[in-house]
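Biologist: I am new to reading structures. Please walk me through one, feature by feature.

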Amino acid sequence: MEPLIQMRNLEKVYEAGGSKFYVLRRISLDIQPGEFVTFMGPSGAGKSTLLSIIGMLDGSWTGEYYFNGEPVHRLNVKKRNELHKANIGFVFQSYHLIDNLTVFENLEIPLSYKNVPHKERVSLVCDILDRFNIVGKKDLFPNQLSGGQQQLVGVARAVIQSPKLILADEPTGNLHSAQGEEIMELFRKLNEAGTSIIQVTHSERNAAYSHRVIQLKDGWVVSETSNAARVV
Amino acid sequence: MGTIGQDIRFGVRMLAKHRLTTVVCVAALALGIGANTAMFSLAEAFLLHPVPLENANRIVALVYSPVGANGTSFGQDQSPVAPATYLDWKKEAHSFDEITAYAWDELNLTGNPAPQKVQAFKVSANFFETVQVQPQLGRMFLAEEEEPGKDQEIILGHALWEQRYASDPHVVGKNIKVGGKSFTIVGVMAKGFDFPKPAEAWIPLSFDAKERLQRDSRWLFVLGRLKPGVPFTLGAAEMQSIAQRQTEAYPDTNKGFRLYPRPLEEFATGDLTRQYTFLLLGAVGFVLLIACADVANVQFARVTGRQKELAVRTAMGASRSRIIRQLLIESILLSLAGAAFGLVIAQWWVYLILNHMPPEVARFIAGWNTISLDANAFLFTLAIAVASGIVSGIAPSWLHSDTQISETLKESGRGASTGPSRHRLRSVLVVAEIALALVLLVGAGLLVKGFRALIVVHENYHPESVLTLTLSLPEDQYRQKPGRAAFYAQTLERLAAIPRIQSAALATYVPYANGGGAGVTPFTIEGRAPEERGEAISSIVETVSPNYFRLMNIGLRGGRELNESDADATVPVADISRLVATRYFPGENPIGRKIKIGKVDSEGAWMTIVGIVDDIHYTWINKQELPTIYRSYRQAPPFYGSLILRAEGNPITFVPAVRSAVAAVDPDLPLFDVLPFDKVITDSIVGLAYVAAMMAILGLIALVLASVGIYGVMSYSVGERTHEIGVRMAMGATSKDVLRLILRNGMSLTIVGMAIGLPLALGFAYLLSSLLFGVKAADPFAFLGLPLLLAGVATVACYLPARRAVRLDPLAALRYE
Ligand SMILES: Nc1ncnc2c1ncn2[C@@H]1O[C@H](COP(=O)(O)OP(=O)(O)OP(=O)(O)O)[C@@H](O)[C@H]1O
Ligand SMILES: [Mg+2]
């Protein structure tokens, strides 16, 4: 089967005052459809940077990157944006819900950017509210929710458009362990239902949910371990 | 609801959430848009449809303009056309379907009801055909009615018909008395038709055999209607070449004048009104730009505060154009709200404009009665609202896409700082605001000063105690010179005898009356060529009673004043104003020299110059005083003149006594324009008062908006630098240091803005000074006082946020991160 993500010699450089600073060095990766992968590594290793490149939010790098067979390195901004819009959902450590929108409206956002018609939008949002058990919260604003609930909405927002891939940067970083576990369980179910997931985490417990752990350090991939002791 | 609806809903919510800034933006835009809408209504009336004619854009006004010494024509001095010239044009010109002429005339309607003076025009038979307007009742004039003797028909204006003839449907065919003669009413025009403004009636224009040959007596206004498909330029060019041929054929009469064909709308409005309209249009445009800059600055601040939200939206798949659309919708919503309030402001503004204009002035202003907030004004408002929304929103939303989304979304908070380009643009906006505000302020200051200078000139006359009135002696009854002279002498004597009337004088032209319309007349100096440096020797010619000088406080500078013994039997004499002396007798003593009105061979007598008096100012339209020659009323008694009375107390209370004094000499003589002199003066400058007042208001608005802009930017930058300031204070910076830090930043923007604005303002001042009496470009008040005022206001606007920075608790500021 064709890999979902294929990277060859991907590099990212920051230039500051004439001197170059490498953030990612010769990254070569293959991630298969349906895989659940964890990036780990010390602070500053380049995990978040790699994640936003995979998510196509960051377009300034060199090397080759194929997503689902499409050569991302050859696409213009517009095409890249479309690819991202159609296939990728994001979950953030600090949730990044929009303060001035209700839960319902926050969930609607990715759909409206895909020009999903109004009727269909409403029914999709209602479905997902149901699935995540947050129907009662739909008219509340983010600051009226607990952190765990906010992240629940964050995940719901990421999956509402049924993406092929979910990218999660320390999704449980701001949560209590119980809440964190709830989110990880959610990820596991989503993964079992076929969605590929890439997460960044510092927690071994969270890493145990994934199939494979990739270690980064100073911008290099230093090790890859298949996870035999996967939590089932 | 579509996604646009969603964006709008969210926009409304965002605006409601930031209530204070929203209110400020809406207020700024309302002021800017309101001023523009109001000015649009004026401009529409003055520039787009000043005449009530469907085919105005096909009609060309063929007027002459005297040629100045440097060969250019004075745009403002439009001089009429002589009959022979007009008749030649009718024969020779091919570009026009019709060529027609009209002339000003005033009629005394006598008989029942009471005598009434009406503003009439003599018009050629094809006049109504040319402007393509039919009478509502009756008919137009016939070709044979252009013959002298057959020309006693009249067409009534609608208002006159209503008021004097009670809208009688059978009025056509009736005979009425006009100046003692019998005229037949042949038609009534439709409501609202008062062309040429302010016509109340029309009578046929006829030429006798002598008039048909006249080339030097210019009293006709000529209009031509272009043939279909002939553009204005072609018609104008043809007329120019005809006029050129005429000048070669008749150099004596036609030299020194140049044909000046103009589209009728331009001619009707007049160059001054057009210039001032454009000036005010420019000024309101500036105000709107300043308001937009304010709003753009607020939007910048808002977008910066929302970077995270926008980054999240991008991560959720929003394209750049969708983000820009979202932000633009917000700023367009803002300006639509501004437009809604702006319409209210405009309504109020138009109301003020219409209500402060005296009706006796308004009736002369082309297009005045069409001023209103009509559908066009509404559309215009909508258009500029959307445009302002885009102008104020595009830069902030564009710059947003500069930011690195991935940075912003990273958890460290590192990405939240603003890029340098955004800072630069905000600074540029403030600098531009200050520069624009300065230009406007200086312009307003100069206009107000010029206006004040005019008032000061008037104070010399003490007009509050002067009464003026006009009369015109019927030609038949006063054909003889001694009869006219006797009439004036007796009348003045009786007037002066009224208790508490200090003196009563006669003059042919009262300064400022009739829009200051004292025309200049060529004259000849004995032993001199009729022209100097290609410029005709010319002057205003006044005929006055000797006490006129004292009554008007016009000083004697040499020789003697006219006196009562300068009469028919004695040597003809004249006083001249200083300008006649300096312009035409440089380095010579003019006293004793002889002059004559008209050419060497014209009828009048040679007059000996006996005295020199001060120049006076006849109208604000003239940048400089004009040379004036004064003749004695006993030696050249006029048919038409004004009586001027100096009273003790309110002049209007003397009107009954004055009327009966004149009636005692001639009971049938109607008096008109009986007005206190200060009213004459204020009426004559009311248009300028409008311009000055509007400019002052606009200047003030600009000042306020610009300071709001500075305040906004400074308080935003203080907010942004909270952390930095906290650190500095923790490191030992005193509150003075912090104050200096912030103020220096704000003041440098102000200074750059003024450095850019001052040269612009100077250029503007030169433009204005060429436009207006009493305005000097290098004016210390405008170029020192007003910039200082602006700088002062700007300092306060910087100081308030700076003070807030000083009050920061350093620890709290540090925790803030
Ligand atoms: N704008 C920038 N300019 C220069 N260097 C940058 C910039 N943004 C990030 N970096 C550098 O890139 C490197 C990787 O950053 P990144 O945020 O990807 O690390 P991370 O692995 O996610 O760390 P953490 O676990 O702390 O989130 C860091 O060393 C950082 O200093
Ligand atoms: Mg990170």
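Modeller: First, the ground rules. This is a predicted model, where local features need pLDDT of at least 70 and side-chain atom pairs count only at pLDDT 80 or more, while totals for chains, interfaces and linings use all residues. Residues are numbered from 1 along each chain as its sequence is written, chains are lettered from A and ligands numbered from 1 in the order written, and side-chain values use heavy atoms, without hydrogens and water.

Biologist: Where does ligand 1 lie, and how many residues surround ligand 1?

Modeller: A residue is near a molecule if one of its heavy atoms lies within 4 Å of it. Here ligand 1 lies between chains A and B. It is surrounded by 15 residues, and A:Ser43, A:Gly44, A:Lys47, A:Ser48 and A:Thr49 are the closest.

Biologist: Which element gives the most to the shell around ligand 1?

Modeller: Helices (H or I, at least four residues) and strands (E, at least two) are DSSP runs, numbered from the N terminus. In this shell, α1(A) gives the most, with three residues. Both β2 (19-31) and α1 (47-54) of chain A supply at least two residues each.

Biologist: Which polar side-chain atoms lie by an oxygen atom of ligand 1?

Modeller: A polar contact is a pair of N or O atoms within 3.5 Å; within protein, one must be able to donate a hydrogen and the other to accept it, and residues adjacent in sequence count only if both atoms are side-chain atoms. A:Ser48 has a polar side-chain atom 2.7 Å from a ligand 1 oxygen. For A:Thr49, the distance is 2.5 Å. A:Gly46 uses a polar backbone atom, 2.9 Å from an oxygen of ligand 1.

Biologist: What is the strand order in the open sheet?

Modeller: Two strands pair if DSSP finds at least two bridges between them. In chain A, four strands form an open sheet in the order β2-β1-β4-β5, with antiparallel pairing. β2 and β5 (70-71) of chain A stand at the edges with a single partner strand each, so one side of each has no neighbour in the sheet. Two bridges join β4 (residues 62-67) to β5(A). A:Phe67 stands opposite A:Glu70 in β5(A).
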